[in-house]
Structure formats: C-alpha cells, structure tokens
Number of protein chains: 2
Amino acid sequence: MAKVAALSLPVESPKITLIGVGLLGGSVGLAAKKRGVAGRVTGLVRRVESIEECLASGAVDEATQDFAEAVEGASLVILCTPVGRMKDMAARIKPHLSPEAVVTDVGSVKASVVQGIEPILPRFVGSHPLCGSEKTGVAHADADLFEGATCAVTPTEQSDAEAVVKVNEFWGVLGAKVVNLTTEAHDDIVARTSHLPHVVASALVHAILGKPAEGESDFIGTGFTDTTRLASGSPTMWRDIALTNSEAIQKAINDLQLELSELKNALATKDGTALEGFFEEGKILRDQWLEGGEKK
Amino acid sequence: MAKVAALSLPVESPKITLIGVGLLGGSVGLAAKKRGVAGRVTGLVRRVESIEECLASGAVDEATQDFAEAVEGASLVILCTPVGRMKDMAARIKPHLSPEAVVTDVGSVKASVVQGIEPILPRFVGSHPLCGSEKTGVAHADADLFEGATCAVTPTEQSDAEAVVKVNEFWGVLGAKVVNLTTEAHDDIVARTSHLPHVVASALVHAILGKPAEGESDFIGTGFTDTTRLASGSPTMWRDIALTNSEAIQKAINDLQLELSELKNALATKDGTALEGFFEEGKILRDQWLEGGEKK
C-alpha cells in the first residue's frame, strides 16, 4: 500500500485539500494522515467557527475560508460538500489549482456531478465512498470509515488516465474496495440499493404517522422504527439526491410498486400459496444475502 | 397487583394452560409464575420432543400432548399457536374445559380469530400482546417480555363481562399496558403499524435482490439491511396474517402507494421544494414520534 502511495503522490510532503470538512471530509483527512498518504491536509470551510472545530478534530493540519490558500500546491483535492454545491466549488477552486492537481469528490450521485465538473476541471474523476452513517459533522469523523467500504470511481471517456489511476489508488490506500463503473450504471444501482430504501422509509412514515388513527401510536413498535430509520436523514441532502437522480429513482419506485401490486393481487384473491411464496422468497433472498457477508 | 390476581383467579393454586408453548406461550408461563398469578402452568404441545424442552425452560410445570389433561381444571387457557390453528384448538379443548374457564389468545389479528372462536367458547376474549421479537421457540421465552408492552384486548357485544375483566387483569399483572378496542379497529391499526412495514420490507427485498443488476451487491449497505429486517420473519406466520387481515392490509398498501405516487410526481417535475418538504416532514414526524418515547 505504501508503495502505491509513493508512486502516485509527490514524494515530499504531498498536500491534500478537503473542500468541506464534515463527517466524510474529516474522515478522509484522518484516514489519509493515518495511512501516511498526506504530508499535509488542508480544509476549506464555510464558517469561521468551523476552523477551530476542524483543527480540534485532528482531521486537518490547517483550515481556511480562502479558496486560493486552500488549494494552492495541493496534489489532490476532494470535494466533500453537499452534491448541490459541488459544481460551484469546482469553478471557485479552478483559478488556484496547480495543473497537476487531481480532483475528486464523495457525492452520492455521479452523472450530474461529473457532467457539471468535467468541463471545468479536466483532471476531475468522480468518486462515491459508500459509508452509511446517521452521524454528521467533523466531530464524528473516523480514520477507519473507509476500511472495507465499497468506493465507486466513475471515469468517463474524457477522463485523464493518470487521474483515474491516482483516484483509484487513493481510495484503495484508505482501505476501500474500489469499483470502477460508468456514472449511469452507478446512479441506476444506488437508486435501487440506497435511494429506494430511503424514499420508502420516508413514504412509510407519511402513510402511518402522517394520518394516524386514534390510539394508533400504542401499536407502533420496533418493526416500524427499524424500517423507517433512514427517514431521519438530512432533508436537504436527500432533496439534492432526488433532484439529481430523479429518473433512476422513479424507475426504482416503479419496480417496488410492481411488487406491491403483485402482493395486493394475492391478498385480494386470498391466495395463500402465492402469499407464502412471496414472504418465503423474500426471506430466502435476504437471508442468503446476509450470509454472503455483504451486510455493511 | 397481587390483590388483582387474588380477586380474579381462584385462591388456591389456579391452573393456567398454554395451548402451544413457543416464545410467546413460554413467556406467558414464565411471567405468570414470576408474578405469582399461576399456582400451576400446564403446556399442551404438539410433538413429544417438546415436552422435555418446555419443562427445561421452566415455563411450565407440566407438559402434555393430551387435550383433556391439558385443560382440565384450568381457570385460564391461552391459545398460543399460529393464528391459522386457533379455531381448531378451541374446538378440541371445548369438551374438557370447566364452565368457569376463561380463554384468550395471543394472535396478531383479531376479527377472524374472535369470529371463529366466540361461537365455540362463550368465555373467550381475544388478546394481542405486541412483543416484537425475531426470536422463536420456548428457549428464548422471557418472564419480562410483556413488561411495558401494549396488549390489545378485543371484547365484543357477546363477550362475557367477567371474562373481559379477567383477561384485562391478567395482562395488566404481567406488566402490559392494556388497551381495549374492537376487533376491526385493532386489525385496521395493526395493518398499518405492523403489517404494512412487513410487506414493504418483503417487497423491497424482491425489488432489489430479486432482480439484481450486475455488481449491485457491493452497493447494498446498512440502509437496506435495516429497512428490510422484517422480511426475515416466518413466511407461514405472515401468510396467515395476510390471509386473515387481507382487506385492511390492501388499504394500508394503497395509503403507501399514494405517498409513493406523490413522490414520483415531485421527482418527475423536479420540484425541489416539494421533495425537500416530503423528506423534511418525514423526518419531523419520525423524530417527534421517537422523542415521544414510543420506540418499543
């Protein structure tokens, strides 16, 4: 691993810059320092109060609100803001970037982000480390957050080959299982595996808690609590994800609605065999998947 | 509490009979003994091997496969079999029941169970203690399972008033928060609060793991795992619940589908305000509900 880092990053004290230092950005900083791939980590923050907090967390060596200061001399810049602000950030760092600097991001959707930034920054390659956490903020940053996690890297035909290698190596050194795929394939997959569970959780909360029958709350138990956990995520983050991946999410909702319609047919006809088959196949599919060890 | 029990159960060594001794039946036995409301607990089991297991768990003082032996002299009989077998059990214990014996059950649906059993056993009153657990079997029985749990009791116009009081007192002594409501109100409520989360979890597993895209499993994380936990429940138990509460569950699925359609509209029109509002309201409703302390 050290060899990989030595090959791909400048030997003397490479500087890594985090644009936005929350849970993910902070964890990148801690992880990069722990694995020795960053000589120096600089964080760009929006609010002056964040400077102290970032330094206290140990995730950065220096924090600033100044774009020039943040990215000057950096060999790798990682956009860790909400998805909706990334394109603007790319434009604002551009004048201060060294020509060799590689830029990546941590956004949960890729087609819109990559289409927006690629024309601005030729050495940009999109990434998405999948590290589910309900926590937010640099105070919860974790040097081992990426250990064993899947990290998608989404190069395009326009991507700089050296930048693609560098981004792949970087997440690999941080412990992630790196998977390369197109932005479209990525967005279709996460619409199903990540965005669909989220929108369903939220819809379920609306359906039940939005119009409660009298005395109903006494009857809500752990099943509802677990099934709807995702609904407590950040509304603005999920608005951005929904807006930037709306078609794939609509398709995923349609897939679920087909399953629900099939189930309603079996309920309407009181088809015990079909109902048992439905629940049994669901159980088998899930249990087998859990046994496969993919329960991150 | 001791006073309540002394008033309502025969003073000298009342016998309680469990028809079926799994997780719930076993827990009733342990709880009744711990709280001193049963002088003797007898369990009726289906398989001869279960006799030893029941005795070893401490949930019963005696276990038998003989219906006469099981219920003779019992002041309270609790049906703890799967819902689909309860009516048959009621018919089979009837010839051996003493006239004073009160009968109740622990089934997750009430209208079909009560309609089936009431004509057979005049001193039957339906119950449903809500104790979510993924575990099954008497080995996991817990004397405190009902402590703080909601227990629905569903008397009808035909119910014997004394039997209703006795069933209410019994669950109260076991630590449950007892709620009386009609069988229809009960079934409508649990269709929404319990059955809907379950069928959605199963449908979500079908939609995602049933037709996986290539490489998709690397992208399935804790969000999916939590949202679908209920899908690993017993298929036969859920078939029975679906068959016996099919109309209310269809209605609950329709409620959810309306929410999903609303969300799809907002996605199709890329209505950021509507999307953020949807996620925000979902978060607020859920967070407020959790803060209300009803997170059993």
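Of the 296 residues in chain A, 53% are buried, a residue being buried if 20 or more other C-beta atoms, placed from the backbone, lie within 10 Å of its own, exposed if 12 or fewer do, and partly exposed in between. The model is a predicted one, in which local features need pLDDT of at least 70 and side-chain atom pairs count only at pLDDT 80 or more, while totals for chains, interfaces and linings use all residues. Residues are numbered from 1 along each chain as its sequence is written, and chains are lettered from A and ligands numbered from 1 in the order in which they are written.

Along the principal axes, the C-alpha atoms of chain A fill a box of roughly 70 × 40 × 35 Å. Chain A contains twelve helices and eight strands; helices (H or I, at least four residues) and strands (E, at least two) are DSSP runs numbered from the N terminus. Among contacts in chain A between residues at least 6 apart in sequence, 72% join residues at least 24 apart, where a contact requires the C-beta atoms of two residues, placed from the backbone, to lie within 7 Å.

Two domains are assigned in chain A, domain 1 (2-181) and domain 2 (186-291); such bounds come from an automatic or database domain assignment. The centres of domain 1 and domain 2 of chain A, taken over C-alpha atoms, are separated by 33 Å. Domain 1 of chain A contributes 13 residues to the contact and domain 2 of chain A contributes ten residues. On the side of domain 1 of chain A that touches domain 2, at least two residues each are supplied by helix H6 (111-117) and strand S7 (150-154) of chain A. The residues of this side comprise six nonpolar, five polar and two charged. In this classification, Ala, Val, Leu, Ile, Met, Phe, Trp, Tyr, Cys and Pro count as nonpolar, Asp, Glu, Lys and Arg as charged, and the others, Gly among them, as polar.

An open sheet of five strands in chain A has the order S3-S2-S1-S4-S5, with parallel pairing; two strands pair if DSSP finds at least two bridges between them. Strand S3 (62-64) and strand S5 (102-105) of chain A each have a single partner strand and stand at the edges, so one side of each is left without a neighbour in the sheet. From one strand to the next, the twist averages 20°. Strand S1 (residues 15-19) and strand S2 (residues 40-44) of chain A are joined in the parallel sense by five bridges, with Ile19(A) opposite Leu44(A) in S2(A). Helix H2 (residues 23-34) of chain A packs on the sheet, where it touches S1, S2 and strand S4 (74-79) of chain A, and its direction makes about 170° with that of S2(A). Helix H5 (residues 86-93) of chain A also packs on the sheet, touching S1, S4 and S5 of chain A, and its direction makes about 155° with that of S4(A). Axes are lines fitted to C-alpha atoms, for helices over the stretch in contact, and angles run from 0 to 180 degrees between N-to-C directions.

Helix packing is seen between helix H8 (residues 183-209) and helix H11 (residues 246-268) of chain A, which meet at an angle of about 65° with their axes 8 Å apart. The residues of this contact are nine nonpolar, one polar and four charged. Residues of H8(A) in the contact include Ala191(A), Leu196(A) and Val199(A), and those of H11(A) include Ile249(A), Ala252(A) and Leu256(A).

In helix H10 (residues 235-244) of chain A, eight of the ten residues are buried, so the helix is largely enclosed by the rest of the structure. Trp238(A), Arg239(A) and Asp240(A) are among the buried residues of H10(A). The cover over the buried residues of H10(A) includes H6, H8 and H11 of chain A together with H11 and H12 of chain B.

Between the chains, the contact takes 81 residues from chain B and 81 residues from chain A. On the side of chain B that touches chain A, the largest share, 19 residues, comes from H8(B). By class, the residues of this side are 37 nonpolar, 23 polar and 21 charged.

Within chain B, five of the six residues of strand S4 (residues 74-79) are buried. S4(B) pairs in the parallel sense with strand S1 (residues 15-19) of chain B over five bridges, and Leu79(B) in S4(B) is the bridge partner of Ile19(B). S4(B) also pairs with strand S5 (residues 102-105) of chain B in the parallel sense, over four bridges.
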